[in-house]
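The following note sets out, point by point, what may be read from the coordinates under review.

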Amino acid sequence: MTILGIESSCDETAAAVYTKEGLKSNIIASQSVHRRYGGVVPELASRAHHKTIWGTVRQALDTANVSIKEIDAIAVTQGPGLMGALLVGICFAKGMSVARNIPLIGVNHMDAHIYANFIDENPEYPFVSLTVSGGHTQLVLVEGPFNQKVLGRTRDDAAGEAFDKIGKILGLPYPAGPVIDEKSKTGDPEFHRFPQALLNEGFEFSFSGLKTSVLYYLEEKDNRESFLEEHLNDICASVSEAITEVLVKKLRKAVEETGVQSMLLAGGVSANSMLREKAKSLAAELGIKLHIPKMAYCTDNAAMIAVTGYMMAQQGMYSDLNMKPFANFEAGS
Ligand code: ATP
Ligand code: MG
Ligand code: FE
């Protein structure tokens, strides 16, 4: 079984080939046009996908050394994501499906973030996934392939969104998550105690208050500019501490309440070094297994779409040509 995976939900045009021997290629074209706007501009994203998609797919096939004839199914991100961006990937996949008579598989992008953990490892069911990305933050109990239940999610901002919005307040470039991560390494996480929301309220998260509290904290400083200059790394570390502490405390609670013996991290924020360290300590303390994707499979990529497509094909989960994109997670579940 040879699967071509295509991802175009946001600002990465990506294609990958996955077979039973493993990942054969993984190509990403990241869009730089958005940088000067400090966020993704949907219409520009669609146009850039349109321009690069065929080249990206071609390169994924060439690198894997497979021809289109050898592809058994095309897995494509169906949602959640930007409608216009998703449509480019889906229309391309449908065109290829019709032209070459290859079955289609519509993949849920948030499932794919979870199953990215299966590219290099074989997590045992049941497990709890802490899925933390730019648009989502959720704890998911996964009892078997695609047999999953969301235990709780964020009421407002996602963890990655919190990093990015706070980074904007601190004057950092978009996406600020990786920049804050880097600066945190030489800062003091106890420099200032930012709020950790909803600690006693089940598995729900809230990060919008943290953003506001950073804003007020800086506004109160007499000389904001020089204060920021002197303590940027300490503030970054304190912000990272607040975000990752909440995430890991809730992850602990989910593991303890469900009694699972393995847990995993998924999504762009799972690239965060403080989160990875805290999750490792938690796993050691609880004596359970922890899986974290390789850095390249944390943020958006097509390897995760291809491996999820492979697993869906094994379950007979194919799509037909009426397959439509969906913008929100709820619409796809
Ligand atoms: P979604 O998957 O919810 O649709 P998305 O696809 O935009 O959203 P991802 O690509 O999974 O999100 O992740 C991107 C997010 O991860 C951004 O918010 C980015 O700042 C954040 N991120 C990436 N690396 C790090 C890091 N090292 N530390 C913290 N955040 C990070
Ligand atoms: Mg992106
Ligand atoms: Fe994503």
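**Note on the predicted model**

1. Strand E1 contains Ile6. The model discussed here is a predicted one. Ile6 counts as buried because 28 other C-beta atoms lie within 10 Å, where the threshold for a buried residue is 20 or more. When neighbours within four places in sequence are left aside, the contacts of Ile6 are Ala15, Val57, Ile74, Val76, Thr77, Gly89, Phe92, Ala93, Ala302 and Ile305. By contrast, a separation of 35 Å lies between the C-alpha atoms of Ile6 and Leu210, which are 204 residues apart along the chain.

2. Ile74 is one of the contacts of Ile6. With neighbours within four places in sequence again set aside, Ile74 is in contact with Leu4, Ile6, Ala93, Met96, Ser97, Ile102, Leu104 and Ile105.

3. Spanning residues 83-100, H2 comprises 18 residues. From first C-alpha to last, H2 reaches 25 Å, close to the 26 Å expected at 1.5 Å a residue. Its buried residues are Ala85, Leu86, Val88, Gly89, Ile90, Phe92, Ala93, Met96 and Ser97. These buried residues pack against strand E1 (2-7), helix H1 (42-64), strand E4 (73-79) and strand E5 (104-108). Just after H2, a positive phi of about 55 degrees is found at Asn101.

4. Domain 1 covers 2-114 + 297-332, and domain 2 covers 124-292. Their C-alpha centres are 27 Å apart. Across the boundary, 14 residues of domain 1 are in contact with 17 residues of domain 2. On the side of domain 1 that touches domain 2, the largest share, four residues, is supplied by helix H3 (residues 109-115). By class, that side of domain 1 consists of seven nonpolar, five polar and two charged residues.

5. The largest nonpolar core has 95 residues. Within this core, Ile6, Ala16, Ile74, Val128, Ala303, Ala306 and Val307 touch the most other members. Helix H7 (residues 224-258) gives the largest share of the core, 11 residues. Both domain 1 and domain 2 give residues to this core, and therefore the core lies between them.

6. Which residues are closest to ligand 1? They are Gly134, Gly135, Gly160, Gly177 and Gly268, within a shell of 25 surrounding residues. The shell is made up of eight nonpolar, 14 polar and three charged residues. At least two residues of the shell come from each of H3, helix H4 (159-169) and helix H5 (177-184).

7. Is Ser273 buried or partly exposed? Ser273, which belongs to helix H8 (residues 273-286), is partly exposed because 14 other C-beta atoms lie within 10 Å. Not counting residues up to four places away in sequence, Ser273 touches Asp181 and Lys185. Ser273 and Lys185 are 88 residues apart along the chain, and their C-alpha atoms are separated by 8.6 Å.

Key. Residues numbered from 1 in each chain as written. Chains lettered and ligands numbered in written order. Predicted model: local features only at pLDDT ≥ 70, side-chain atom pairs only at ≥ 80, totals over all residues. Domains from an automatic or database assignment. Contact = placed C-beta atoms within 7 Å. Nonpolar A, V, L, I, M, F, W, Y, C, P; charged D, E, K, R; others polar. Near = placed C-beta within 6 Å. Expected span 1.5 Å × (residues − 1). Buried ≥ 20, exposed ≤ 12 C-beta atoms within 10 Å, placed from the backbone. Core = buried A, V, L, I, M, F, W, Y, C linked by C-beta atoms within 7 Å.
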